[in-house]
Amino acid sequence: MTAVTHARLAAPAKVPVHIALLILFPCLLLASFLIGPAEVPAADLLSGLFSGQGSPAALIALEIRLPRALLGALVGAGLGMAGAALQGYLRNPLAEPSLIGASSSASLGAVLAIYFGLSATVPLALPVAGMLGAALAMLLIQGLAGREASVLMLILAGLAVQTLAGSLTSLALNLAPNPHAALEIAFWLLGSLTDRTNDHLLVSAPFILAGILVLAGSGRALDALGLGERTAGSMGVDLNRLRWRIIIGTVLAVGAAVAVTGSIGFVGLVVPHLLRRVTGNQPSRLLWPSALAGACLLLAADILVRLLPTNDELKLGVVTGLIGAPFFFHLLLKTRERMR
Amino acid sequence: MSLLSARNIRFARGGRPILDGVDLSVGAGECVGLIGPNGAGKSTLLSVMAGLLKADGAVALDDRPLEQWKRADRARRIGFLEQGATCHWPLTVERVVTLGRLPHASPWGGEAEADRAAIARAMQQCDVTQFAERSVTSLSGGERARVMLARALAGDPAILLADEPAAGLDPYHQLQVMELLAGLAAGGMAVVVVLHDLTLALRHCTRLCLLDEAGKVAADTAPADLLDSGALGRVYGIELLRGGHEGAPFALPWRRLRSEMRA
């Protein structure tokens, strides 16, 4: 018996998934870097990356391809991590980052920047307004839910904020000053990584990374919470601290991501769901794989967007949804079989 | 010396007093049964003693006020088994028991030899080793209850607070759990266990604390003395059938008393 126990503890189950993700991620990152509308040979792009300024290839590599690939990876990682953490915290496999209003409020901030014409005149007004929107939402949720909020109060407060932000976004669309602004808002809401620059990367990366790290530190507390709030409390988990950790981490990671890319749905919901069983259903073991898989999914979707020969470039949020939904169907059918 | 003591605990919910000046202490080697009718505040008292619920009065762990303890230090001293404890995720039994080592975990992870030994021992004590690889959500209620007890024991607590650990178990496993708790107490642990089964309480506890519906301590004494005092029948409003077997007294709930005869 003891020997069996030792073997199990020494070698956590399902290592291959982590390894597969660790191999897949750099491959997709490289592919995203090499693929684009301008047909530049891979060798020129790679030498441009390391030789610095000068050639057109170097310019494309450093100013267009690199920020786009890195931003895609970061945004996907942030969405995946936030989804896994929220599902663990709410003990609900259907939870996703938008549930606590982070994405809709970031969207609202960015949409208002378009509505008032700030995005055209002030550089980076869009992402900054988006992050301000997410931060305001966090304060509002904190005020609504109260200091010793239960999970239910948190969800309700998040839902209230989400509804308000969604309605105000629709209002902005409804009252858009001209058709061009309305189209810009609608397209922005669909999410995209097109034309994102190093400035976008620099303004959002610190926040997304901070959010990811804040959430990653919650693993053990989330495991304990799986046994119920009182049991987790008896095991030394500070439930108040955990709740704010989850809210702040989600708002940082998702708010900053949505602020630069627009709404990208499904990643935060589907990715943790797909990985749950292969990580042994343990919330802490789901966090980093979800971040990696989120990055992979977003990179793959962004590669697909650029490869598909459509008249207008497909929007990223549309593609993640189209990739994510069939996975979800498959998962549902498998779950149904198991329940029989 | 008492390891954990609660003094003059008062707690009210919605204006109704749940606990009204309750004292309870437990020392090493004691297995204290906390009994009383539904709504007498047994679970509330257990939560207060575990530091999970703030109430008026004083709780001291190792003669130091409980609120002065760091969460992690407190969690290493006190093991707590929630009533109807369950797991929201279909983890393997072994993973669940391993979670019991959380209060001892180093910030950088990894299971040490001491962790593995404690996990294996707790699983053996609760007779769940044979389910180690099974998902905890696939077990029967009784099996799951033993897994949850193993989780609490894996933390090597000096004090164990268990809320109805025998509820939903078949007689064999009820006896097994109670013998285990009594054995742990005999080995130096301080145990407080909430029980509804008077037969189990009288047979396996070294002391019984009886709470009445007003949230006061009606009696806190040795099982045989409690039986002699007649307080059990009065507080529960029942007539007890008393007997003895192998030199130990037992009592069976026999019939309800008319409501006006109830204390």
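A salt bridge here is a side-chain nitrogen of Lys or Arg within 4 Å of a carboxyl oxygen of Asp or Glu. By that rule, B:Asp228 forms a salt bridge with B:Arg242, the closest N and O atoms being 2.8 Å apart. This is a predicted model, where local features need pLDDT of at least 70 and side-chain atom pairs count only at pLDDT 80 or more, while totals for chains, interfaces and linings use all residues. Residues are numbered from 1 along each chain as its sequence is written, chains are lettered from A and ligands numbered from 1 in the order in which they are written, and side-chain values use heavy atoms, with hydrogens and water left out.

**Salt bridges within chain B**

- Searching the whole structure turns up 18 salt bridges over all chains.
- B:Asp228 sits in helix H8 (residues 223-229) and B:Arg242 in strand S11 (residues 238-245) of chain B, 14 residues apart; helices (H or I, at least four residues) and strands (E, at least two) are DSSP runs, numbered from the N terminus.
- B:Asp228 is exposed at 53% relative accessibility, and B:Arg242 is partly exposed at 45%; buried means under 20% relative accessible area, exposed over 50%, and partly exposed in between (1.4 Å probe, protein chains only).
- B:Arg207 and B:Glu30 also meet through their side chains in a salt bridge (2.6 Å, N to O).
- That pair spans 177 residues, from B:Arg207 in strand S9 (residues 207-211) to B:Glu30 in the loop between strand S2 (16-27) and strand S3 (31-35) of chain B.
- B:Arg207 is buried at 14%, whereas B:Glu30 counts as partly exposed at 21%.
- There's a network of salt bridges too, linking B:Arg101, B:Asp115, B:Arg121 and B:Asp156.

**Where chain A meets chain B**

- The contact (heavy atoms within 4.5 Å) takes 32 residues from chain A and 39 residues from chain B.
- About 3100 Å² is buried between the two chains, with carbon and sulfur atoms giving 58%; buried area is the accessible area (1.4 Å probe) that two parts lose on being put together, summed over both.
- Two salt bridges are counted between chain A and chain B, including the one between A:Arg230 and B:Glu82 (3.6 Å, N to O).
- Helices H1 (2-10), H4 (56-90), H11 (219-225), H12 (229-234) and H15 (283-307) of chain A each supply at least two residues of the side that touches chain B.
- H1(A) gives the most to that side, with five residues.
- B:Glu82 counts as buried at 17% relative accessibility, while A:Arg230 counts as partly exposed at 31%.

**Strand S7 of chain B**

- All five residues of S7(B) (residues 159-163) are buried: B:Ile159, B:Leu161 and B:Asp163 on one side, B:Leu160 and B:Ala162 on the other.
- Strand S6 (residues 78-81) of chain B runs parallel to S7(B), joined by four bridges; strands pair if DSSP finds at least two bridges between them.
- S7(B) also pairs in the parallel sense with strand S8 (residues 190-194) of chain B, over five bridges.
- B:Ile78 stands opposite B:Ile159, and B:Asp163 has B:Val194 in S8(B) as its bridge partner.

- Helix H14 (residues 267-275) of chain A is mostly covered, with eight of its nine residues buried.
- A:Leu49 lies in helix H3 (residues 42-51) of chain A and is partly exposed at 22%.
- The C-alpha atoms of A:Leu49 and A:Leu62 are separated by 6.0 Å, although these residues are 13 apart along the chain.
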